[in-house]
Amino acid sequence: MANVILEKLTKKFDDVIAVNAIDLEIKDKEFVVLVGPSGCGKSTTLRMVAGLEEITEGNIYIGGRLVNDVAPKDRNIAMVFQNYALYPHMTVYKNMAFGLKLRKFPKSEIDERVRRAAKILGIEQLLDRKPKQLSGGQRQRVAVGRAIVRDPEVFLFDEPLSNLDAKLRVAMRGELVKLHHRLETTMIYVTHDQVEAMTMGDRIVIMKDGLIQQVGAPLEVYDHPSNIFVAGFIGSPPMNFFRGTLVPEKDHLFIDMKSFKLKVPDERKKRYERYIRKEVVFGMRPEDIIDSTPEGRSGEWDKTTAVVDVLEPLGAEVMLELSKGEHSFTARVDPHTNSRVHQEITVYFNMGKMHLFDAETEKVI
Amino acid sequence: MAAVGETFTKKLFSFYIPLFFFTILMLFPFYWMFITSIKPNRELYNVKSLPFWVFNPTLEHWKYLFKNTLFTRWALNTLFISIVSTAISLISGIMAGYALSRLRFKGASALGIAIFITYLVPPTLLFIPLAEVVHNFNLLDTPWALILTYPTFLIPFCTWLLSGYFKTIPKELEECARIDGATRLQAMIWIILPLATPGILSAGMFAFTLSWNEFIYALVFLSSPTQKTIPVGVVSELIKGDVFFWGSLMAGALFGSIPVALIYSFFVEHYVTGLTGAVKG
């Protein structure tokens, strides 16, 4: 059991800075997900923790021990790779026993551990097969099995589910979360899929261009994104953004987006004061825009009209793609909506859930 | 029916007929060596007799080859030299190929190209300086003269072929092994080498064939009849002045090519995957 501390961790490939002086503390038994678009440095960070990539600057501590110059085999970690990396010339049993054999465990204990792990993952009947005789999902299980037999202090996952089909991915997602509860071990999980990040992590770390953008519990990040990037990255469909100016009228504040104006809730007036008559970016999640009167709903609402460009019925909900002036945006509405394509409708914005960002720094206000 | 006939005709012209001619072309030298080696001299030197057939087969040339020349000795020399120089070259080639394909160091790709270029320098240029070197080591007219010179062209060849093969093996396998508890060397021995078997076999077979058939260094560095290899021995002892002992020459060539042909036929499958490179995780 161990915590992992990254201190000013930096990785440069020649002139390219892949990871830029990041600081992060992962607590013992925590499930942390590093998420971000490709090239954001998340995999490089994980590989540095694993010891597969040399550190340019900074320190990594695992369980309080500085491991900068410790070989991967001596870090007491296990890693599951995107392509599973099963040894093709060994049976499933030998794949799982390999690490224990190298560590000179007695045969009886190797056997016991392999069979126990196989049982947990439901792959007992596959132990004599070679990797190429397995399906994608089975290979995935074997890869996880190979990691858990060693009983490591930290598990590292590098996009382990991205080679699986959508249905299997959802199932494995659940299983990995269960496994985490069962093993109670520190896990660091890298993915580009924000849904995986939201559903699996105790905390998620959003990265971009080698920098950490925000760290927090999934809902905390979803409800209070720290900048435009995080707001747009987390959540599907992404948050709608509108460029506008903050203007005072009578005793209230409005966001003027040229083709329409929305009233800022009065309790936020003080918070936004500094930005009056300045350019801002107004953000609103699709589920906070509705096409029926918000009567009976809590919160402060304002409305405008918009034209329905596209209507996507998804069964449990309907996505409306709307346009108003130069703005286009998405609303997630009730499946029994009366709105039709090309129709001009009235849409209501839940202003209590509004987000406002500095147009220059892109940081939340 | 028409469709079946069509595909057969198409296959006949695009596959069977070319294959037939190709097979004839490839096997004809062996056939020629064989019938020449069992032809009595009166048929061999009779311009009126049909050259493609033998009417009174005889083993006299074979007997001459094995009794009156040191052919068995040459074969043993060739075998010893080929095996040792192949082993040296394979071991060095594996190490160098692995380093070039896996380790990140400055000038790795330049070094790779430089190694390959040394392979392109022709032996006809190198044998004079190498003779000087071999002479300085007092190794002239010993098998070691060849065992030490053959790797000069075998190592670059093995290195090049193997580094290409190692690159086809996903590096995650090795990384995973290193996390599992292996050192780099252990990961190489337990994971990479078993997976590279086809590549290693191909490189080994090529190296073996090249040293088995090598002529110029063997001709220059070996002089006493007991030290010679098959290619040199057959040519120097069975051509006396301008007299060619055609029957025994061909018998020598035939027996000289049998071991190589056997090796290839045993490992043909590995050999093909070795050159096409196919490791799937």
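Which residue in β2(A) is the bridge partner of A:Phe13?

1. The model is a predicted one. In it, A:Phe13 has A:Val16 of β2(A) as its bridge partner. A:Phe13 belongs to strand β1 of chain A, which covers residues 4–13. β1(A) and β2(A) pair over 7 bridges, and the sense of that pairing is antiparallel.

2. These two strands are part of an open sheet of 4 strands in chain A, ordered β2-β1-β4-β5 and paired in the antiparallel sense. β2 (16–26) and β5 (65–66) of chain A each have a single partner strand and stand at the edges, so one side of each lacks a neighbour in the sheet.

3. The sheet of chain A also has a helix to note. Helix α1 of chain A, residues 42–50, lies across β1, β2 and β4 (57–62) of that chain. The angle at which α1(A) runs to β1(A) is about 115°.

4. For chain B, the domain assignment gives domain 1 as 2–58 and domain 2 as 68–276. Taken over C-alpha atoms, the centres of domain 1 and domain 2 of chain B are 32 Å apart. Their contact takes 7 residues from domain 1 of chain B and 6 residues from domain 2 of chain B.

5. On the side of domain 1 of chain B that touches domain 2 of chain B, α1 (2–37) and α2 (41–44) of chain B each supply at least two residues. α1(B) gives the most to this side, with 4 residues. By class, this side of domain 1 of chain B has 3 nonpolar, 3 polar and 1 charged residues.

Methods:
Residues are numbered from 1 along each chain as its sequence is written. Chains are lettered from A and ligands numbered from 1 in the order in which they are written. This is a predicted model: local features need pLDDT of at least 70, side-chain atom pairs count only at pLDDT 80 or more; totals for chains, interfaces and linings use all residues. Two strands pair if DSSP finds at least two bridges between them. Two residues are in contact if their C-beta atoms, placed from the backbone, lie within 7 Å. Axes are lines fitted to C-alpha atoms, for helices over the stretch in contact, and angles run from 0 to 180 degrees between N-to-C directions. Domain bounds come from an automatic or database domain assignment. Ala, Val, Leu, Ile, Met, Phe, Trp, Tyr, Cys and Pro count as nonpolar, Asp, Glu, Lys and Arg as charged, and the others, Gly among them, as polar.
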